[in-house]
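Welcome! Take a moment with the sequence and the model below, and then let us walk through a few of the places where parts of it meet.

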Amino acid sequence: MKIGILGFQGGVYEHVGILKRIFSGEKYSGETIIVRRGGELSKVDGIILPGGESTTIGILMDKMGLTGELRDRIRGGLPVLGVCAGAVLMAKKVVDKVVGEKEQNTLSVMDIGVIRNYFGRQIDSFEVDLHIPVIGEKPFRGVFIRAPIFERLNNNVEILAQVGEASVAVLQNNMLAVAFHPELTNDYRLHLLFLEMIKK
Amino acid sequence: MKEGLQFSCGRYYSVSFEDIVDFFYRLAELADRLRDEGRFFEYFPRKPSDNLDMPVKATVRVKHGFPVFQKGGVCMDVTNVEQAYIAEEAGAVSVMVLDKLPYDVRKIGGVARMADPKVIEKVMNSITIPVMAKVRIGHYTEAMILEELGVDMIDESEVLTPADEARHINKWLFRVPFVNGARDLGEALRRISEGASMIRTKGEAGTGNVSEAVKHMRRIMGEIRKMRNMDMEDRVRRAREMGVDPGLLDLTIRIGRLPVVNFAAGGIATPADAALMMWLGADGVFVGSGIFKSSDPLERAKAIVLATSMWRDPDVVLEAQKMISESKSMMGIDIRSLKPEEMLQSRGV
């Protein structure tokens, strides 16, 4: 399988590293493609929208003429994993905890609302063990960096993990959104869950 | 240009982020044991326990992880809220709040200090992207003030007048991550040992002349490449000469790049400058006077963001370069016309 990673800005190569290690094993085979232009997007079987600054990625995605095509493909069922800023890009509604509503370019494909910088500034960034039943009993180390949280706008969005009352991992059909950074750990279970979504 | 001419080094880590984090925690193990006996001062990070039922802040993973999400982006120097809005609108990944732009610091002279906390706070409440600010080298109290204020990252910067001529801040003591300037591999690794979560080239700030940044980036990358073929014994000797931990030097050589995020800074004024620095191995760029000392700041900011992200594609860099006009670039200063005492880069080694 060919996994695309939207490569304009942010933690792009961290996902490449994890996927390479997964593909070097026996169970999965595939390759990674850094997606920055339309031609590259048409080749992929699934795409990761990495963490970074959602405003920056949104502007570049628009400038390079990828927004429309990516939106259409996700609506057409392309499996997508959005991490932090990537999840913000997927949301239908975006507000900032301090600044409030601000216009920004997004794909607007998933029935979630996002509150950016919900936990505070960098100084409040944290790590904590999460319980994510779909990937097993063993706790998953969640690394939250200026992280957002999600609100469901629709009942067919499934909540996979929470910190207190706040949802930090959600699933809707072909779309998986997480507020933390699995690519900064050696735990591949969320990436494997995504690969299973592509296999289906 | 042919594919083969592009440097392949630099961006991809051959080990995982977690392995790098583990390295820093291992450095700290002895210190941890001594500290428990009350016999060691706080240098190197503390390792959080393996099971975290409650959230833990300011770990190495969180502090060194923050700059990972700045990669491929542009951090822009601003002096007020209006400029910060322009930076955000143009697609900056963060802003650096200063009292005066480096060009003005150079021109006006006198003592350059931390920016006014009231201005920094106003910027923090107006934009959604991270806000950084500079402190003088060795000035613990300015850093404590900025940490208290809640800036996202502190730049311990040679652009401001050093408070301590001989020492840098022990950055492991802080919850907020730091970025430091470096001219060569030794400086970079010394700053990383002191706890810097990110490195940038020093370049020569406020000149609009990219040549020093090029020199520093080439030197850092070149030294790493050169040492790949060195005997183990010679590496240890070099580490001693540079005043850095041999383990840290070995890790750097093994992965073929600095083990933290490495940006370019100091003299970047055009989209082509930014793309050049990316090609030389930078993970992203800081632009100081280059944007708000030009007469087309918004367009220029947008163009530099585009060129930094899309540096591999000459057609896009051309488009970015067309967005600006050379007659509107800042005038710039020839480095050779500067006296040694006017060079900012030699502060804090």
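This is a predicted model: local features need pLDDT of at least 70, side-chain atom pairs count only at pLDDT 80 or more; totals for chains, interfaces and linings use all residues.

On the α14(B) side, the contact is made by Glu299(B), Lys302(B), Ala303(B), Leu306(B) and Ala307(B). Helix α15(B) contributes Val316(B), Val317(B), Glu319(B), Ala320(B) and Met323(B). Sorted by class, this contact has seven nonpolar and three charged residues, with no polar ones.

Now turn to chain A and find helix α4(A), residues 67-75. Thr67(A), Leu70(A) and Ile74(A) are buried there. These three lie on the same side of α4(A), because they cover an arc of only 75° around its axis. What do the buried residues of α4(A) pack against? Their partners in chain A are the strands β1, β3, β4 and β13 together with the helices α2 and α3. The face turned away from the buried side carries Asp72(A) and Arg75(A), which are exposed. Just after the helix, Gly77(A) takes a positive phi of about 110°.

Finally, look at how the two chains meet. Chain A brings 45 residues to the contact and chain B brings 61. The area buried between them is about 4300 Å², and carbon and sulfur atoms give 56% of that. Within chain A, Arg121(A), Ile123(A) and Glu127(A) lose the most area to chain B, together 16% of what that side buries.

Notes. Residues are numbered from 1 along each chain as its sequence is written. Chains are lettered from A and ligands numbered from 1 in the order in which they are written. Side-chain values use heavy atoms; hydrogens and water are left out. Contact means heavy atoms within 4.5 Å. Helices (H or I, at least four residues) and strands (E, at least two) are DSSP runs, numbered from the N terminus. Ala, Val, Leu, Ile, Met, Phe, Trp, Tyr, Cys and Pro count as nonpolar, Asp, Glu, Lys and Arg as charged, and the others, Gly among them, as polar. Buried means under 20% relative accessible area, exposed over 50%, partly exposed in between (1.4 Å probe, protein chains only). The arc is that of the directions from the helix axis to the C-beta atoms. Buried area is the accessible area (1.4 Å probe) that two parts lose on being put together, summed over both.
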